[in-house]
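Please keep the sequence and the structure open while reading.

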Amino acid sequence: MAKQLQVPFTSKLPHPVYFRAANLPAAAAYPRHRHPWGEFVYAYSGVMELKLAGSHYLAPPQYGIWLPPDLEHRGMNRFEASHCSLYLDPAWCRGLPKTACAMAVSPLMKSLMEHLRTHELAQPRTSAERRLFRVLIDQLALAPAHGSYLPMSDDPLLRPVLTALEQHPEDERSLTEWAKALHTTERTLERRCQQRLGLSFSEWRQRLRVVKALAMLEQGHAVEAIALDLGYSSASAFIAMFRRMTGTTPDKVRGHGFVAA
């Protein structure tokens with residue numbers, strides 16, 4: 001059962017621009033809530049998940065998740081995670097997306113958020129600190145936006161496929177085999193993938209395996225064991241997929257963290 005966490009602010013922010021970092025235990029969750037300010041969620045380590053109405057946003061550490069004001073959501077993490085939130089009064093949200101999205105985190109953004117965490121800067125107090133926060137917000141406005149690294153869907157045809165693969169990412173059944181099991185056609189399933197997920201079936205499955213691999217790497221699993229658990233015949237085949245999808249190798253992720261390619 002997930003450990004319920006307390007929402008830090010419910011009615012008013014301590015400052016129009018506020019930064020908060022926290023370490024979360026495994027299987028922890030914030031209750032469903034909404035607030036009149038925007039929030040950018042980023043995980044230094046671990047994989048953060050956010051559930052919105054009809055959508056499931058999941059971002060490994062090369063992405064953050066942007067939530068515009070007044071959007072109901074619920075946050076969770078399956079494994080231990082270290083994360084931060086940048087809260088922005090609506091006046092500071094004008095240059096940011098109007099809808100929830102995953103946003104690519106540049107090395108500069110990552111360094112700025114690490115600086116805020118290390119120096120425990122919750123809000124700007126000096127002109128230098130105001131400039132630092134301003135740069136971070138400007139970089140956030142320029143960050144490439146994505147629907148979600150691993151989009152989910154409640155579509156009646158896709159949901160059983162996505163749920164089954166999330167539970168068993170090693171499942172190698174083709175789209176044709178899934179279509180047959182669901183009494184539909186491969187063309188229909190692929191069209192639903194493009195319409196509901198914005199990805200092909202094969203790309204979605206590869207992204208799922210990247211996310212699963214990230215969690216297992218953090219737990220200290222060997223690359224060879226991860227490859228077998230995810231359905232690959234060899235470690236080299238898994239490493240090639242991981243490098244193609246992320247621009248780096250599993251060993252570098254384990255040693256230095258995950259930075260966007």
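R209 has a relative accessible area of 5%, so this residue counts as buried. The model is a predicted one. R209 forms a salt bridge with E172, and the closest N and O atoms of the pair are 3.3 Å apart. E172, at 45% relative accessibility, is partly exposed.

**Salt bridges**

The structure holds 9 salt bridges. Side chains of opposite charge can pair when their charged atoms come close.

| D154 | R159 | 3.7 Å |

Where do D155 and R192 lie? D155 is in the loop between strand 11 and helix 3 (158–167), and R192 is in helix 5 (residues 186–197), so this pair also connects parts that are 37 residues apart in sequence. D155 is buried, with 6% relative accessibility, whereas R192 is partly exposed at 22%. A network of salt bridges links D155, R192 and R196. In the pair of D154 and R159, D154 is partly exposed at 47% relative accessibility, and R159 is likewise partly exposed, with a relative accessible area of 46%.

**The sheet**

The secondary structure of the chain comes to 9 helices and 11 strands. An open sheet is formed by 6 strands in the order 2-9-4-7-10-11, with antiparallel pairing. Strand 2 (17–24) and strand 11 (145–146) are the edge strands; each has a single partner strand, so one side of each is left without a neighbour in the sheet. Helix 1 (residues 107–118) packs on the sheet and touches strand 2, strand 4 (38–45), strand 9 (81–88) and strand 10. The direction of helix 1 makes about 90° with that of strand 4.

M103 stands opposite A145 in strand 11. Strands of a sheet pair through backbone hydrogen bonds, either parallel or antiparallel.

**A residue of strand 9**

L88 is placed in strand 9. Is L88 buried or exposed? Its relative accessibility is 0%, so L88 counts as buried, the cut-off being under 20%. Apart from neighbours within four places in sequence, the residues in contact with L88 are L13, P16, V17, W37, G38, W66, C93, L96 and I137. C193 lies elsewhere: L88 and C193 are 105 residues apart in sequence, and 34 Å separate them in space, C-alpha to C-alpha.

**The chain as a whole**

The radius of gyration of the chain is 19 Å; a compact globule of 261 residues would have one near 18 Å, so the two values agree. Along its principal axes, the C-alpha trace spans about 60 × 35 × 35 Å. Of the 261 residues, 49% count as buried. The chain exposes about 12700 Å², and carbon and sulfur atoms supply 53% of that area. Among contacts between residues at least 6 apart in sequence, 73% join residues at least 24 apart.

Conventions
Residues are numbered from 1 along each chain as its sequence is written. This is a predicted model: local features need pLDDT of at least 70, side-chain atom pairs count only at pLDDT 80 or more; totals for chains, interfaces and linings use all residues. Side-chain values use heavy atoms; hydrogens and water are left out. Two strands pair if DSSP finds at least two bridges between them. Helices (H or I, at least four residues) and strands (E, at least two) are DSSP runs, numbered from the N terminus. Contact means heavy atoms within 4.5 Å. Axes are lines fitted to C-alpha atoms, for helices over the stretch in contact, and angles run from 0 to 180 degrees between N-to-C directions. Buried means under 20% relative accessible area, exposed over 50%, partly exposed in between (1.4 Å probe, protein chains only). A salt bridge is a side-chain nitrogen of Lys or Arg within 4 Å of a carboxyl oxygen of Asp or Glu. The radius of gyration is taken over C-alpha atoms; the globule rule is 2.2 Å times the number of residues to the power 0.38. Accessible areas come from the Shrake-Rupley method with a 1.4 Å probe; for residues, only the protein chains shown count as cover.
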